[in-house]
Amino acid sequence: MAQSKTDLLAVLAVVKKYNLKGTEELLRKEAALTEENVAGEAEVNSVLAAYKSEGDPDIYETSYMELRKFVDDSLDIYKHELALILYPVLVHMYIELVYNSHEEQAKKLITKFGPEQEYYYQDELAKLAMVTKRDQMSGNDITDTFKSNAFTIRISRDTLSLLKRHLHEKKASVILNIVNEHMYFDLYEGVARNKAQCDATCGAMTGEAKRQDNKIKVYYGLLKEPDVQTLVAAPPEEDDDMDPDAPDKPKKKKPKKDPLFSKKAKSDPNAPPLDRIPLPKLKDADKMEKIKALREATKRVNLGPDSLPSICMYTLLNANYTVTCAELSEDSSLMAVGFTDSTIKVWSMTPVKLREMKSAEQLKEIDRDAEDVLIRMLDDRRAETCRTLCGHSGPVYRTSFAPDRTMVLSCSEDCTIRLWSLHTWTCVVVYKGHQFPVWDVRFSPHGHYFVSCSHDKTARLWSTDSHQPLRIFAGHLSDVDVCIFHPNSNYVATGSSDRTVRLWDVCVGNHHRLLTGHKAPIHSLGFSMCGRYLASGSADHRVLIWDLAHGHLIAALTGHTASVHSLCFSRDGTILATGGLDCALKLWDFTKLVDDISGENVNVSHNPDVRDGEPYLLRTFPTKQSPFLTLHFTRRNLLLGVGMFDLSI
């Protein structure tokens, strides 16, 4: 009796899971069960396991061949969407055979049908083929992912009814069970998608993004910055005094500034409220820095197809196999390079040397009320052009400068993140939270907050004044390889080896965009200057452009012949620069791309066509033998590239 009640509760849980309200109510009434009586997931699984097919294992191969024949014989209009189910069905068949100890049949199945699956699934199939016993399944990434996540397929209602009719007619119970239990069909009304449309958004570990995943409103606009505007008119003399720090001679261009500031004052209708997340207040030094940045912007070169940027390439020599990353500060005055020997080197990119704070004895003698007290605290006699930071116990994978350039963050294989002071040149804080190597760390554009991501499949939001993370962004199914803040600091984008890009809301910690389309791990991300578009570079040699307003993929920029490890938008947002391990730098006309898109009404279409990048490629610049580590546009739109000379290429 107890066993039959457990079975009944398990059936009830399954009915509830699939939202079959009428059936659920009838079953409750007949069995006299209350609302509280629902079996847990573990109980459901244990009950269902008892019903697993222990029948003829050879049925699996025959069933798969019949399914494949049905897909091949279907009309062209439905064929491409139907083909999307072949891979997940094969994986689940293999898992079921292994689970029921039919090792020979499982091996035969994957050897026969594995090679004909899409190229981007081959790595996973190779890992899956290593699982040949039931006890090897627990803890394996691929089997865990497929058992606990439904494989999502976007499909038209007509295509799905065709598939269901075929399965019922053929009485293909093995496949029918897999389809019902392990697949989620994101249904839409209308004509089935063609091959290009299917290929554009498939490729992730668990299929495509559901349209529901991208329905939430995203505040992609930029924050209004009124503080600087009120301060601008006050100290014109100081503006001019600061010019010796700048590379050019002093020039007074007050009339030119006015239109720039009035432009900044406009509030963006798509921007988040200013108080949506607490941002640090601007200090006087920050305000002066903003004024300096705006003054630099008045001297910015306007880029376009007829006015390409000048490019300055920094090559690190004798650094092959030892350099892991490079980063430039926002004002282009500092460069940090991480090494495999756990050290970080910081170089000054200007004639101004890197100064250190004076000793405690000398600091006592300084007049604290002096206006230039901060400058007096630094020791000119011990100034150097390069400084080394030691503290990590594993290769350093990324560095990130604070917006005010007083600190730099680094992350390492040793599972820690370190915050270094650029006044004392020492480590100030060690942040421990990730359990595995940390691949990336980035400061927020507004300072105070930073984000990290790791081999532990999570990204984490931190603030510099707390040793515990403020948010843990969990949802990726594999390593999170790259992370970056949105220009308004309200969102974080992450790219993963599960071949998805996610946009997380730092306010609530949930992902508001799930973007699928890459066919390999994602290694670089960049937001457009307006905040609406996101570019992602991947090991599939492509750069994809996403519209965050709707979560649509709008363009695929192809042309690189190796992994794209760095990308950067020009300061006026007109040009996208991408650098790859193929030793090539490519410049793309982003303005033209946005203009072409704005003519279309992508809101209506559930399957917008993805543009080919070829018409937007402006120029390719090859380096001799230097793969790109990073790209950076200066405030005046000079493009800086950093790479290491690689003898093996």
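Reader: Which side chain does R636 meet in a salt bridge?

Author: A salt bridge here is a side-chain nitrogen of Lys or Arg within 4 Å of a carboxyl oxygen of Asp or Glu. For R636 the N-to-O distance is 2.8 Å, and the partner is E296.

Reader: How many residues apart in sequence are the parts that R636 and E296 tie together?

Author: Helices (H or I, at least four residues) and strands (E, at least two) are DSSP runs, numbered from the N terminus. R636 lies in the loop between strand 31 (628–633) and strand 32 (639–644), while E296 belongs to helix 16, so the pair joins parts whose separation in sequence is 340 residues.

Reader: Which pLDDT must side-chain atom pairs have to count?

Author: Residues are numbered from 1 along each chain as its sequence is written, and side-chain values use heavy atoms, with hydrogens and water left out. In this predicted model, totals for chains, interfaces and linings use all residues, local features need pLDDT of at least 70, and side-chain atom pairs count only at pLDDT 80 or more.

Reader: Are R636 and E296 buried or exposed?

Author: Buried means under 20% relative accessible area, exposed over 50%, and partly exposed in between (1.4 Å probe, protein chains only). By that scale, R636 and E296 are each buried.

Reader: Which residue forms a salt bridge with R405?

Author: The closest N and O atoms of this pair are 3.3 Å apart, and the residue facing R405 is E289. R405 sits in the loop between strand 10 (396–401) and strand 11 (407–412), 116 residues from its partner in helix 16 (residues 284–298).

Reader: Which residues are linked in a network of salt bridges?

Author: The search of the whole structure finds 29 salt bridges. Among the residues they involve, one linked network consists of E289, E330, D331, R405, R571 and R635.

Reader: How many residues apart are E118 and K195?

Author: Their side chains meet in a salt bridge of 3.8 Å, N to O. E118 lies in the loop between helix 7 (103–113) and helix 8, and K195 in helix 12 (residues 195–201). E118 is partly exposed at 32%, and K195 is partly exposed at 39%. The pair links parts of the chain separated by 77 residues.

Reader: At what angle do helix 6 and helix 8 pack?

Author: Two packed helices are described by the angle between their axes and the distance between the axes. Axes are lines fitted to C-alpha atoms, for helices over the stretch in contact, and angles run from 0 to 180 degrees between N-to-C directions. The axes of helix 6 (residues 86–99) and helix 8 (residues 122–129) are 11 Å apart, at an angle of about 10°.

Reader: How is helix 6 oriented to helix 8?

Author: Angles under 35 degrees count as roughly parallel, over 145 as roughly antiparallel, 65 to 115 as roughly perpendicular and the rest as oblique. The angle is about 10°, which makes the two helices roughly parallel.

Reader: How many nonpolar residues does the contact of helix 6 with helix 8 have?

Author: Contact means heavy atoms within 4.5 Å. Helix 6 brings Y87, L90, V91, Y94 and I95, and helix 8 brings E124, L125, L128 and A129. Ala, Val, Leu, Ile, Met, Phe, Trp, Tyr, Cys and Pro count as nonpolar, Asp, Glu, Lys and Arg as charged, and the others, Gly among them, as polar. The contact has one charged residue, no polar ones, and its nonpolar residues number eight.

Reader: How many residues of helix 6 are buried?

Author: Helix 6 reaches 20 Å from first to last C-alpha, close to the 20 Å expected, where the expected span is 1.5 Å times one less than the number of residues. Helix 6 is largely enclosed by the rest of the structure, because its buried residues number 13 of the 14.

Reader: What phi does S101 have?

Author: Most residues other than glycine have a negative phi, and most peptide bonds are trans. S101 is in the loop between helix 6 and helix 7 and is exposed at 58% relative accessibility. Although S101 is not a glycine, its phi is positive, at about 65°.

Reader: Is R499 buried or exposed?

Author: R499, in the loop between strand 19 (491–496) and strand 20 (500–505), also has a positive phi, near 70°. Its relative accessibility is 5%, so R499 counts as buried.
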